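Student: Could you walk me through this structure? I have not looked at it before.
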There are 2 protein chains.
Amino acid sequence: MAKPIIVQKFGGSSVANVDRIKAVAQRICETKTKKNNIVVVVSALGDTTDDLVELAAKISEHPPEREMDMLMSTGEQISCALVAMAVKELGHDAVSFTGAQVGILTDDTHTKAKIQKIGARAIRKALKENKIVIVAGFQGVTKDNEITTLGRGGSDLTAVALAFAINAKVCEIFTDVEGIYTTDPRIVREAKKIKEITFDEMLEMASLGAQVMQPRSIEVARRFNIPLHVRSSFSKEEGTMIVKNTQKLEDISVIGITCNKAEAKITICGVQDKPGVAAEIFTQISKAGVMVDTIVQNVGYARQTDISFTVLKSDLAKALKATNAIAEKLKTGEVLHDKNIARISIVGSGMRSHRGVAAKMFQTLAEHEVNIDMITTSDISVSCIIEQSQAEKAVKALHKVFNLEG
Amino acid sequence: MAKPIIVQKFGGSSVANVDRIKAVAQRICETKTKKNNIVVVVSALGDTTDDLVELAAKISEHPPEREMDMLMSTGEQISCALVAMAVKELGHDAVSFTGAQVGILTDDTHTKAKIQKIGARAIRKALKENKIVIVAGFQGVTKDNEITTLGRGGSDLTAVALAFAINAKVCEIFTDVEGIYTTDPRIVREAKKIKEITFDEMLEMASLGAQVMQPRSIEVARRFNIPLHVRSSFSKEEGTMIVKNTQKLEDISVIGITCNKAEAKITICGVQDKPGVAAEIFTQISKAGVMVDTIVQNVGYARQTDISFTVLKSDLAKALKATNAIAEKLKTGEVLHDKNIARISIVGSGMRSHRGVAAKMFQTLAEHEVNIDMITTSDISVSCIIEQSQAEKAVKALHKVFNLEG
């Protein structure tokens, strides 16, 4: 029977310089035993990617995306060669591969390509020769042999997709934090590392602002049921396991709290309350290239209603321009906007079976005199948009009331 | 009929920074007209290659050569992507290719691979679409999809080999000098740019110390009769054409003078004058990994002779160790060595038909009281090993006496 395979992914901060590369190599060699095989995925060294982007920006304001991929992919190629050297230096056999060499086939959407297929032949062959395999993350190749990159969170995605392709028993994501926390430890000192969390909960936390992993790779891990282990490259401590079902007898109601300050709110007042109006508004905004997050429309009175929605702060100018145009066309009332908002969310699969969780959240906020501006809920989360200056106070109170301090 | 193709190769100093990359792009766009197509080969930006070598050295004293190729090849990938961006910025369509993408198939001798075949399909397709093609120099790929590099002078070789594969009318080598000079202008201020030189003469000059181009790519150009144009990337002046036969009615006797201070001399005294001795000596030295250049053995007397030879100064210690060992075994006389030598050579196809050229050289040296230590000749060159401190004086005198000042 083939040995079980562990996939380990090291981010840019884990390979930021020569000393860290050596430490990573040490770690890889410690994991490699007679009983298992290792496939490693690495990001580019520290600031390499930023440096390359800056270089390109000096040459062209809008560099062609195909050439950006050609340029950017060198970052991971450098780090995988260096890590392979460092592993060999420790006496283990190792071999590095680019995305193209491994056979990470993508579509041709340069700078944010989607993986279509993974040919794991080169990896399997190297593993059979008892080599440690080091793969350049973040990159792939089209069927026409064009180099592509996978966009944000691309190296995580490479790791998860490879773990699926070679049937790895676990995919370890090494990062500069110890794991997933009940909330941001910079806000709440009592925040605790979560031992185990479900894909659904992690996805919800990630999309609501927890920044450890991109939702994209968690989705792939969920689809193919690849257990993820998010842990620190600077300590031997166990981190957080992200799995299909946790081992707990009963889900706890709330597993984590997120706080996201990246959004701004736009409100269109006095919109006619008739079919097709919302569709027209959001079609125009989408055409302007703006992603809308939460949308809230309340029942109207006097055949009029207000529609509020949030967009990324970085998209606010674009979004306002499009909104004003459509508001004028539809003869609505005023268009308001507010940058000083924060989204506070509670997340937990237990909400499905525990009642009164949302009510407890609202009550807690009320007790701390935090005014709620907008509310949205999903199956396993409740989010409130509040004034940004009250965000820390709100998170601290909720963290305490939902017993996350242990 | 297909448009004629010009291959342009830009070295590391030509693309050392963003401003130079933009200047190179400008130059490429000026060359690209409705009447011809352009294929560009670029080296890595300025010091990139040295930086990568240094990085690897910090990780391993003897980094594996396969991983070195993986690492080093990123340098040219970066520069070709940036040049393609800069060309596009000027409104021309351009596309960059790695060695692997172009199909530069090599053997698997990592860090000094030999080109076996060039598949020009990707280039032809791009040229048909009226694109300017930018190729990463110095690199190739094995049939097993392993990345290789071509060793010293590798980017020149890429350019010449591509020029052959796509049947280019000329291969322009852009460098930081204006062309090939009658001698080193730093030694003789009156040195003149040579307008036209034959492959044979250029090869002789290069192997005798002229450093503008590596002999390797000149040999390939000669074999396939690819005219080379060595010129400056900083000026519009015509440089030096390297061709099969020059246009001159009669060859001039001496076209250039070289001076090489990289060698050291070893003499084994009192070697038995019998068959097989020289073979044994040089077999042992070769086994020690030392390349021997000139060997001089004079007729002996009393059944003994002295054998002198030159090696690179950097190999002297290794060479002496091997020489002393074999000298002891053969019971020869003393082993002497001298680092303070220079090789002064005169080169010219005209020597084949002009008599007295060597004599004139020796006479000139004698008149300037330069003692000649060793002499060797080839079909189109005469070399004298002299004391290093007299090299400048010798070159100046010879440059004048052979009418190279114009």
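Tutor: Let us begin with a pair of strands: β14 (residues 263-272) of chain A is joined by 4 bridges to β17(A), and the two run antiparallel. Strands here are DSSP runs (E, at least two residues; helices are H or I, at least four), numbered from the N terminus, and two strands pair if DSSP finds at least two bridges between them. The model is predicted, so local features need pLDDT of at least 70 and side-chain atom pairs 80 or more, while totals for chains, interfaces and linings use all residues. Residues are numbered from 1 along each chain as its sequence is written, with chains lettered from A and ligands numbered from 1 in the order written.

Student: Which residue of β17(A) is the bridge partner of A:Thr267?
Tutor: A:Leu336 is the partner of A:Thr267.

Student: What is the order of the strands in the open sheet?
Tutor: The open sheet has 4 strands in chain A, in the order β15-β16-β14-β17, with antiparallel pairing. Because β15 (292-297) and β17 (335-338) stand at the edges with a single partner strand each, one side of each is left without a neighbour in the sheet.
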